[in-house]
Amino acid sequence: MTFEPRTVLAAFDGTQPPPDSVPAWLARSWEDPDGFAAALAPLHAGRGTPFKSRTGQHHDFFHDLVARHATTDRIALRAYSRTQGWRTLSYRQLQDQATRRATAWAGSGVKPGAKLCLLLPPGPELMVSLCAALGLGACVSLLPPGARAFVARRLDALAPQHVAAEPHQAPLLGKHAALLLPLQTQVPPALASYTYKPAEPVGLLFSPLADPSDVPVPLTAGDAWRSALVDGLLTFGLSPGDHLAAPGFHPLQHLPALYFTTLLRGATFLHVEPPDLEVSPALLTEHPVRALGLTPAVRDLVARARLPLKNVGLWFRDPQAPFDFHAWRDALKACGLAGVPGGNVCVDPAWGGAVLCSHRRVGADVHTDITPAPGRAWALRDFTDSGQAAAGDTGLFTPLPDTGRPPAHVVLTRVRGQYHHFGAREPRREGRVFLFAEAADVLREPPGPRLDAVGLAVPVSGMAGAYRSVLLVFTGDLPPGVEVSDTDVRRRIEHALGTDALPDRIERFALHARRLDGQQDGPVDEEWCRAQYLTGSLKLKSGDPLFQALTSLRARVESR
């Protein structure tokens with residue numbers, strides 16, 4: 001199939017009205033992703049150093065993302081911290097540091113295809129380590145440091161051959177501590193960058209969109225390269241030297257995809273944490289941002305500060321976040337973004353970048369328009385999990401190939417020739433899976449008394465896609481002098497899993513949870529517990545003297 005690049009670019013310049021139907025070139029790109037990417041590649045490279053990668057044949061990430069820009073003065077990363085202020089990492093520095101690190105890691109036994117986990121927060125060390133791993137042909141995984149049980153569970157599932165982390169994070173690694181690689185090296189650089197085959201995995205990623213989210217999902221080199229190519233040129237409209245910022249966007253969902261996108265384009269990724277923006281919202285205006293991602297929290301922050309963002313070239317939101325129409329309209333007007341093109345972008349790390357995006361619109365009103373990203377093969381499946389195509393115009397958006405992939409969850413509907421985001425298959429937090437099962441496992445383990453827990457999500461009135469997470473905690477009959485408060489439960493969950501696993505509400509009941517098989521250590525009957533809560537039965541039983549006596553009696557019998 002042939003594609004006219006000018007027609008494609010014109011559709012993403014923000015000046016054209018939304019089309020009445022799916023453009024012919026977009027439909028063709030879904031059928032021929034490699035042909036579409038091949039047509040865009042010369043336009044992407046421009047007059048600069050050409051790509052070594054060839055769509056559908058081979059991919060040299062280190063050359064295309066790093067070495068190709070190392071002769072320029074461009075900045076690859078601009079990161080802010082309260083202690084050091086703004087730090088920059090140029091492409092020239094990135095090449096030198098990544099080459100040295102890759103050389104040292106090769107001497108430590110890192111070989112092509114090795115599973116290498118980067119236990120590092122977003123910032124210069126993560127970007128350098130990622131590029132070093134790509135240069136060696138490793139299969140990369142990302143994990144944020146901090147939450148012990150969260151990290152341990154995923155390291156066990158990954159079974160890495162190597163781990164890169166700061167030395168003080170070694171206690172988090174447990175039995176994997178012997179796999180730790182050095183970050184600071186003094187070896188002279190010597191690297192012949194690795195070339196991946198399109199079907200070869202470049203990453204094993206813990207996507208918070210996948211269910212379960214503690215099982216790594218492979219990212220192929222072909223998907224990663226093609227997504228970075230399309231996203232840099234079309235989805236985010238970046239030019240070499242432009243800044244892309246997405247403060248508050250979940251790192252496990254949006255990295256390494258946004259790094260790939262900015263580096264392949266020769267652009268700059270601007271990193272600043274939301275707590276730092278709370279202190280100084282003007283940080284977003286200190287450097288010219290071409291593409292700015294806004295979460296609901298950051299949206300409210302900049303609206304309160306009435307931060308002038310009219311110089312932003314493009315703003316985007318994740319349509320999986322709660323759809324608060326009035327809050328978005330007021331924020332866009334308050335920050336001067338009403339005259340700036342904006343739209344919806346949904347990134348899936350297991351597919352290397354944006355899987356859904358919308359036509360850019362200028363105006364103060366947000367919308368639910370969304371279409372499968374250009375060059376993304378997909379199908380609209382029904383809800384039976386049989387693989388059958390949806391009979392009507394509403395179904396599950398399913399990227400292809402879907403064999404061995406997590407179940408699809410985004411619901412699309414087609415109205416008057418346009419696709420719209422119609423929510424998720426089940427309740428989620430901004431698209432991410434609730435970590436109820438992991439929280440329940442944490443509360444069954446020390447420190448603290450053993451507790452049973454069941455989670456559920458209830459819709460929040462007035463906002464589409466907004467849910468409140470509720471954790472039902474069954475304390476049983478606690479020993480004398482032992483008490484459990486909501487603060488205790490939150491502390492245990494946060495310490496083990498991080499703040500993202502904290503429920504919005506905790507309901508404690510001095511009762512025993514019902515078991516499926518009637519055994520003392522059998523699995524909890526979660527559906528029964530949820531039904532009992534929603535009907536008010538748990539509340540009534542917890543205050544009934546008869547059930548209090550039965551709970552105490554059961555505790556005494558089981559202790560013998």
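Start by selecting Arg-416: at 77% relative accessibility it counts as exposed (over 50% relative accessible area is exposed, under 20% buried and anything in between partly exposed, with a 1.4 Å probe and protein chains only). Arg-416 has a positive phi of about 50° although it is not a glycine, and you will find Arg-416 in the loop between strand 19 and strand 20. Helices here are DSSP runs of H or I with at least four residues, strands are runs of E with at least two, and both are numbered from the N terminus.

A quick word on the model before moving on. This is a predicted model, in which local features need pLDDT of at least 70 and side-chain atom pairs count only at pLDDT 80 or more, while totals for chains, interfaces and linings use all residues. Residues are numbered from 1 along each chain as its sequence is written, and side-chain values use heavy atoms, with hydrogens and water left out.

Now zoom in on strand 18 (residues 394–399), which is mostly covered: five of its six residues are buried. Four bridges join strand 17 (residues 378–381) to strand 18, and the two run antiparallel. Show Trp-378, which stands opposite Pro-399 in strand 18, then Ala-379, whose bridge partner in strand 18 is Thr-398. On the way to strand 19 (residues 410–415), strand 18 pairs in the antiparallel sense over three bridges. Pick Leu-396 there to see its bridge partner Val-411 in strand 19.

Select Asp-385 in the loop between strand 17 and strand 18. Its phi is near 65°, a positive value in a residue other than glycine, and Asp-385 is exposed, with a relative accessible area of 59%. In the loop between strand 18 and strand 19, go to Pro-401: the peptide bond from Leu-400 to Pro-401 is cis, with omega near -5°. Another cis peptide bond runs from Asp-211 to Pro-212, with omega near 5°; Pro-212 lies in the loop between strand 7 and strand 8 (217–220).

**A helix pair and a buried threonine**

Now show helix 5 (residues 91–107) and helix 6 (residues 124–136), whose axes come within 8 Å and cross at roughly 60°. That makes helix 5 oblique to helix 6 (under 35 degrees is roughly parallel, over 145 roughly antiparallel, 65 to 115 roughly perpendicular and the rest oblique).

Finish at Thr-185, in the loop between strand 6 (180–181) and strand 7 (201–205). Is Thr-185 buried or exposed? Thr-185 is buried, with a relative accessible area of 18%. Leaving aside its neighbours within four places in sequence, Thr-185 is in contact (heavy atoms within 4.5 Å) with Arg-100, Arg-101 and Ala-104. Draw a distance between the C-alpha atoms of Thr-185 and Ala-102: they are 83 residues apart along the chain and separated by 9.6 Å.

Definitions and conventions. Axes fitted to C-alpha atoms, helices over the stretch in contact; angles between N-to-C directions. Pairing = 2+ DSSP bridges.
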